[in-house]
Each structure stands twice: as C-alpha cells, then as structure tokens.
Amino acid sequence: MTSEEEVSDDGNVTITKYDPTPLERGWLFSIISVGSIFGTLTLPFLLTKIEIRKIMTIYGLISSLATLFTPLCASIGYVPLLLMRFLQGFATSMSSTSVGSITSQWSTMKESGFFIAILSTHFQFGNIFTMPIAGALCESRWGWPSLYYLQGTLTAIVSIAFYLFYRDDPYWHGYVSVVFWVQRYSSDDSTETLVNTISTL
C-alpha cells in the first residue's frame, strides 16, 4: 500500500491519501466478514459466562476503539489497518444476536414481532445516517478521518448509555411497571380485565 500527503487549500490540514493494491483492498473489505465469524463463534461461550448487557457494551466499545484508531493505523501501515477492520467486524457480530436476546427478555409473545422489526432497523438507520455525513465530512477541511472520529465517539456514547440504562431482565429495571409483568406472564382469560383495572389505579 502506497501513500502520499497533501496540504489542504487553507494550508492547515494535512490529508493523507492511501492507495492499497487490489489484493489489499479486497482483504480490507473481506476481513470484516472474517471478524464477524470469529465474533459470532465466541458468543455462545460468552453468553454462558457474562450477561448480555456487559457483552453488548464490550463489543460496542471494541467497535468504538477500532473506529477511532482506524485513521492512525491507516497512516502506520496496511497490517494495523487490517487489524482494525477485523475488530470492527468482530464487534458487529453482536448486533444480530442482541435482537433475539433482547426480544426474548423484554417483549410479550404478542409483541415479539414488533420488537424484532424495530430492533432490526438499526442496519438501515446506520446507512441513512452515515452516507450523507460521510459525503459531507470527506469533502470538508477535516477530511475522511473526521468521519471515523465522529462515528467512534458516537458508538462509545451509545455503548455507555446502553450499559447505564439497559437491564437483562425487566424485573431489575426501575421503570418497568406491574402492568408489564401481568401482560408478559399471565395467560389467564382475565388478563385484559386485570391490566385495565391496574391501569386505572
């Protein structure tokens, strides 16, 4: 991989351009899937040892750090950049698994389809947010590294917020009402009447 530096028009920002070979470029794309496979294979073991809340946070912070360090690693060389791409793929493997885990713990049977649909939209929202922002930042005075710094910072914030707010079991969450427990665990015909009664209290 070859690289060259150029100074932006204002003379203040140095932008590094990278020119990987076709083979290197192919591996930079493919290594994300390789990392995702490894991340998925480690999940069954981790899920028996650590609660999903902590696993999600760890994977999120790995993704954040890998994203933040991508510009630096790209300036160092091909192998460090390849490693960051691997870690990004490793961390994204948690996204699909978390959908099923969160749904099984938090939704009622009737609402499980709705939960899965809502949680699965993170793939689309990620592209909707990233594509226009990427175009704007890559053409700005800060260059393409600013996109990685922004995405890495946002990922860290969201991961920490998830750890602080989420609980593996609704029972341990302070904002869950008794109505939820009636809806989730009661299969009696009088459930709807009981829920309506509690709601009026």
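**Chatting through a predicted model**

Reader: Hi! How many salt bridges does the structure hold?

Author: Hello! The structure holds one salt bridge. Keep in mind as we talk that this is a predicted model.

Reader: Good to know. Which side chains meet in that salt bridge?

Author: Those of Arg53 and Glu51, with a distance of 3.8 Å from N to O. In general, side chains of opposite charge can pair when their charged atoms come close.

Reader: And is Arg53 buried or exposed?

Author: Arg53 counts as buried, because its relative accessible area is 13% and the cut-off for buried is under 20%.

Reader: What about Glu51, what's its relative accessible area?

Author: For Glu51 the value is 33%, so this residue is partly exposed.

Reader: Okay, new topic. Where does UniProt place the "transmembrane region" feature?

Author: The UniProt entry, which is unreviewed, puts that feature at residues 27-47, 59-83, 114-135 and 147-166.

Reader: How far apart are the end C-alpha atoms of residues 27-47?

Author: They lie 30 Å apart, and the span is 100% helix with 0% strand.

Reader: And what does the span 59-83 look like?

Author: There the end C-alpha atoms are 15 Å apart. That span is 92% helix and 0% strand.

Reader: Let's go to Ser64. Where does Ser64 sit?

Author: Ser64 is in helix α2, which covers residues 52-68. Its relative accessibility is 2%, so Ser64 counts as buried.

Reader: Which residues does Ser64 touch?

Author: Setting aside residues up to four places away in sequence, Ser64 touches Gly152, Thr155 and Ala156.

Reader: What is Thr57 in contact with?

Author: Ser159, Phe162 and Tyr163, once neighbours within four places in sequence are left aside.

Reader: Now the outside. Which residues form the nonpolar patch on the surface?

Author: Leu61, Ile160, Tyr163 and Leu164 form that patch, and together they have about 350 Å² of accessible area.

Reader: Which helix gives the largest share of the patch?

Author: Helix α7, residues 145-165, with three residues.

Reader: Last one: why is Ile160 called partly exposed?

Author: Because its relative accessible area is 45%, and partly exposed lies between the 20% limit for buried and the 50% limit for exposed. Ile160 has its place in helix α7.

Definitions and conventions:
Residues are numbered from 1 along each chain as its sequence is written. This is a predicted model: local features need pLDDT of at least 70, side-chain atom pairs count only at pLDDT 80 or more; totals for chains, interfaces and linings use all residues. Side-chain values use heavy atoms; hydrogens and water are left out. Patches are made of residues with over 30% relative accessible area and no salt bridge: like charges are joined within 9 Å, nonpolar side chains (Val, Leu, Ile, Met, Phe, Trp, Tyr) within 5 Å. Accessible areas come from the Shrake-Rupley method with a 1.4 Å probe; for residues, only the protein chains shown count as cover. A salt bridge is a side-chain nitrogen of Lys or Arg within 4 Å of a carboxyl oxygen of Asp or Glu. Helices (H or I, at least four residues) and strands (E, at least two) are DSSP runs, numbered from the N terminus. Buried means under 20% relative accessible area, exposed over 50%, partly exposed in between (1.4 Å probe, protein chains only). UniProt positions are given in the numbering used here, feature names are shortened, and annotations may be inferred rather than shown by experiment. Contact means heavy atoms within 4.5 Å.
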